[in-house]
Each structure stands twice: as structure tokens, then as C-alpha cells.
Amino acid sequence: MTARRRSGNSTDAGRARHIPVLLAEVLASLKPKAGETYIDGTFGAGGYTRAILEAAPCQVLALDRDPSAIIGGQPLKQEFGERLTLIESRFSDLEEAAREQGVVPVDGVVLDIGVSSMQIDQAERGFSFMADGPLDMRMSSAGTSAADVVNGAEEEELADIIFALGDERRSRGIARGIVRARGESPITTTRALAEIVSRAVGGRRGDDQHPATKTFQALRIYVNDELGELARALGAAERCLKPGGRLVVVTFHSLEDRIVKRFLLERAGKESQGSRHLPPQSVKLNAPSFEIVNPRPLTPSKEELAVNPRARSARLRAAVRTEAPAWPVDENLPGVPSLRG
Ligand SMILES: C[S@@+](CC[C@H](N)C(=O)[O-])C[C@H]1O[C@@H](n2cnc3c(N)ncnc32)[C@H](O)[C@@H]1O
């Protein structure tokens, strides 16, 4: 869960109450200017997109994989007319989307990784164990659902997912509990899964966290291939940005931040390149394609946290594109745990 949700249930209410995280820092890093073009890869409630469009007479190509975010963004589209293009797309496909729109090279790309308050607030989307709903968790409402994974994956695979993507040390017991329960009847609701996990970990954790928090996070990340999406999007942004163009990424947990940090350190020439399996002289070195703006990630101020405590785990990393060519695509997706076939 990200820093967005405050209270209430309806999508519209969620959008109205939505507080964009690290907004001042995002604008300071992106530096919107007249006549420039930006990609907002995670439109959500349109908080960043609106702020960018209001900051300068520029253009925004905004993407979201969730069709309901695109529908919810229509009033903003009306307000800004041709300055805003709003498309249903995954951000890993941002290069294709931007080329189709004829806007490459762009001046900036911003990504705000995670789920929105609207997604969490709708029980029928199945993201939350706080309200009962179908065990879904798909941001795009297409593809494999959390119920498919929970009822179909091997016990060992389930344990690996929950351990690697939820950092849940009781993953094996939870996977065993899930397999036992689904042997009696399929697990189809968020409440049923939350109860199975709670039983498997023996009730409360001894802290404020619900016993199912980490399992739900792991399944959500897995179902939406969130880490693979992020790793691919960074490479796509590299290929779309013009020299001097800005990349700004806000993440909410360490798995995401590690992917961004690693990508930027590598692309800035601050990590060794090449393969362990090849002699160093046979490795062709790539010139640095980014300069890192802030070596340490920016985090929310005390003032922001007072207004929006859920922003507490947000981290912003920013970098400026150099003149060097984009690096070749790395199919290994550094930093992404290899869980998928
Ligand atoms: C945290 S919200 C963004 C909020 C937005 N910055 C704002 O100020 O309103 C994240 C959004 O990214 C979308 N999203 C997540 N993964 C995505 C992906 N791989 N491709 C496109 N959109 C994605 C979600 O559907 C959600 O609407």
C-alpha cells in the first residue's frame, strides 16, 4: 500500500482527497518549462499531471494501466485540452506510446510507483484486507488475478513469492496454510485469505501491522509484475529522454528503490560494467547515459508527513540524461527477483 489512502470508500472521494506525494520535490526535479513535453507514467488521480500543466505552458502525455484512472481523468483532459494526452497503457510501454504520439524525445519522465487510493478504496478491486472483496488485485483488470495465483501456484512457488516480494519470514507456513485451505474450497475473497494468513502466523504480529500485510503486498506486486514493469520503464525512459531531459521516480518500498538506485548508479558509470564470465578487455563499456541529481533519495519533510503520514516511506530519485546513447536492453532486469517462468 502506498501513501495515498486516507479514509472513505468511493473512487471519486478517493480522487478528491488524494494527496500527491513529494509534489514540490517532483516539480523541482522535473523543472517544467514552456513548450516542453513530459511523460507522467502513473497518472492515478492526476495530481502530478495537473501540477506540471499548471507550472508552465507545456504538454503532458499521461499513462495509466488502470482504465478507471483514464475515465476519472477526463475532466482534467477537458480542462487542458490538447496540452494533455491521456492513454491507457503500461509504463513499460511508454516508449511505444510516446513514439505513437510523436513526442520522442521528451524533456522529462516521472513515475510514482504503487497503487492509488482509488484502487485501494474499492473493495471490489480486491487490494485490501480491510474490506471484503473478490481476491483480484489487478490494476489493469486483465490477466492473472490474485485468486488464480493463490489457488493455482505450487506451495513452494507461493512461499517464494511471499518471501521474495513480501519479505515475510513466515512464508513457508503461510503457503502451507493456503494449500491446506484451498484443498477444502477455493480461496476467492480478501477476507478469506486474510484469515488463512492470520491463522498461519498465529494471530497478531506484536506490532501495528495486520498479519496479512506482507502477503497481500507480495501478491499485489506479483500479480501486476510491478518490479519488472519498473525495470523496463527505466530503460524505456532512457531511450525517450533528450540530452538534459529529467527522470524522476518516486518509490514506496525498498525493492522498488533498489531497482531505481541500481539502474541510476550503473547508468551514471558508478558501478562496474560487464559480465563476470568475460575477460575485462572483451567488455565494451557504455558511456554514462545519466547524471545523478541527488545521490541520496529525497524523503518527505516533517510538514508533509504531518499532513500525509502515509507518505513516510516515499523516496524520490532524479537524474539528468546525458548526450550518450541509451544502453542496450538488459533482459535480465537487474534487481528484479526471478520468480516468473
Ligand atoms: C500512486 S498512483 C499515482 C498518483 C499520481 N502521481 C497522482 O498524483 O495522482 C499510481 C498509479 O500508477 C498506476 N500504475 C501502476 N503500475 C503501472 C504500470 N505498470 N503502468 C501504468 N500505470 C501503472 C496505477 O494504476 C495508479 O493509478
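## The ligand and its contacts

An oxygen atom of the ligand is found 2.7 Å from a side-chain N or O atom of Gln119. This counts as a polar contact, meaning a pair of N or O atoms within 3.5 Å. Asp64 also takes part, with a polar side-chain atom 2.7 Å from a ligand oxygen. At Gly47 the backbone is involved: one of its N or O atoms lies 3.0 Å from an oxygen atom of the ligand. On its own, the ligand would expose 600 Å², and the protein buries 99% of that (accessible areas by the Shrake-Rupley method with a 1.4 Å probe).

Before going further, please note that this is a predicted model, in which local features need pLDDT of at least 70, side-chain atom pairs count only at pLDDT 80 or more, and totals for chains, interfaces and linings use all residues. Residues are numbered from 1 along each chain as its sequence is written, and side-chain values use heavy atoms, with hydrogens and water left out.

## The surroundings of the ligand

There are 24 residues around the ligand, and Asp64, Phe91, Asp112, Gln119 and Glu229 come nearest (a residue is near if one of its heavy atoms lies within 4 Å). Sorted by class, this shell holds 7 nonpolar, 10 polar and 7 charged residues; here Asp, Glu, Lys and Arg count as charged, and Gly is among the polar ones.

## A bridge along the chain

Side chains of opposite charge can pair when their charged atoms come close. The whole structure has 16 salt bridges, each a side-chain nitrogen of Lys or Arg within 4 Å of a carboxyl oxygen of Asp or Glu. One of them joins Asp66 and Arg125, whose closest N and O atoms are 3.0 Å apart. This pair links distant parts of the chain, 59 residues apart: Asp66 is in the loop between strand S2 (59-64) and helix H4 (67-72), and Arg125 in the loop between helix H7 (117-121) and helix H8 (146-152). Helices (H or I, at least four residues) and strands (E, at least two) are DSSP runs, numbered from the N terminus.

## Two backbone details

Val104 and Pro105 are joined by a cis peptide bond, with omega about 0°. Pro105 is in the loop between helix H6 (94-100) and strand S4 (106-112).

Leu22 is not a glycine, yet has a positive phi of about 50°. Look for Leu22 in the loop between helix H1 (11-17) and helix H2 (23-30).

How values were computed. Polar contact = N/O pair within 3.5 Å; in protein donor to acceptor, adjacent residues only side chain to side chain.
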